[in-house]
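Hi,

Here is the structure I said I would pass on. Have a look, and my notes on it follow below.

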Amino acid sequence: MTYQTYNLFVLSVIMIYYGHTASSLNLVQLQDDIDKLKADFNSSHSDVADGGPIIVEKLKNWTERNEKRIILSQIVSMYLEMLENTDKSKPHIKHISEELYTLKNNLPDGVKKVKDIMDLAKLQMNDLRIQRKAANELFSILQKLVDPPSSKRKRSHPQRRCNC
């Protein structure tokens, strides 16, 4: 995959994980719109390739479907933020934005989960009050780590009697 197709790849992955089907998404039109967006940002400039991809690489660490939905919801928000600072009267920007808004609205809990992670990262763990609260919660956190709830129900098997 060439660097020029990364935007389409990321957008396609996002759309797949958000449940868009091929019938509801015109990838040819979207590719054309993304090409126009690349031209708007002069993405053929030599510094674009410096350091490699900045977003696609992040997806490699998120392997489970639900995990990917969390990171993809954040990526969608980032793209929407990027497009907020562009000329929204251009049809290609409007089309890309509409698709991204549709995706964002299909998974609102992903954004909340990202916010939860960011809130945790902001906790001042050297604050005595925070340390006290964290100490009170430590045992229940460890319980969740050691004994996670099973997503599959175990089938009960009737005990067989030995006909000895």
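**Around T86**

Setting aside neighbours within four places in sequence, T86 is in contact with F41 and I93, where contact means heavy atoms within 4.5 Å. Before I go on: this is a predicted model, with local features needing pLDDT of at least 70 and side-chain atom pairs counted only at pLDDT 80 or more, while totals for chains, interfaces and linings use all residues. Residues are numbered from 1 along each chain as its sequence is written, and side-chain values use heavy atoms, with hydrogens and water left out.

T86 sits in the loop between α4 (65–84) and α5 (91–106); helices here are DSSP runs (H or I, at least four residues) and strands likewise (E, at least two), numbered from the N terminus. T86 counts as buried because its relative accessibility is 18%, and the cut-offs are under 20% relative accessible area for buried, over 50% for exposed and partly exposed in between (1.4 Å probe, protein chains only). The T86 side chain also reaches the backbone oxygen of L83 at 2.5 Å.

**The core**

L83 turns up again in the largest nonpolar core: of its 16 residues, I75, L83, I96 and L100 touch the most other members. A nonpolar core here is a set of buried Ala, Val, Leu, Ile, Met, Phe, Trp, Tyr and Cys residues joined through side-chain atoms within 4.5 Å. α2 (27–40), α4 and α5 each supply at least two residues of this core, and the largest share, 7 residues, comes from α4.

**α5**

How far does α5 reach from its first C-alpha to its last? The 16 residues of α5 span 23 Å, close to the 22 Å expected at 1.5 Å a residue (that is, 1.5 Å times one less than the number of residues). Buried in α5 are H92, I93, I96, S97, E99, L100 and L103. Seen down the axis of α5, these buried residues fall within an arc of 160°, so they line one face of the helix; the arc is that of the directions from the helix axis to the C-beta atoms. P91 and N105 are exposed, on the face turned away from the buried side of α5.

N42, in the loop between α2 and α3 (56–59), has a positive phi of about 50° although it is not a glycine. N42 is partly exposed, at 44% relative accessible area.

Overall, the chain has 7 helices and 0 strands, and 27% of its 164 residues count as buried.

Cheers

Technical notes:
Polar contact = N/O pair within 3.5 Å; in protein donor to acceptor, adjacent residues only side chain to side chain.
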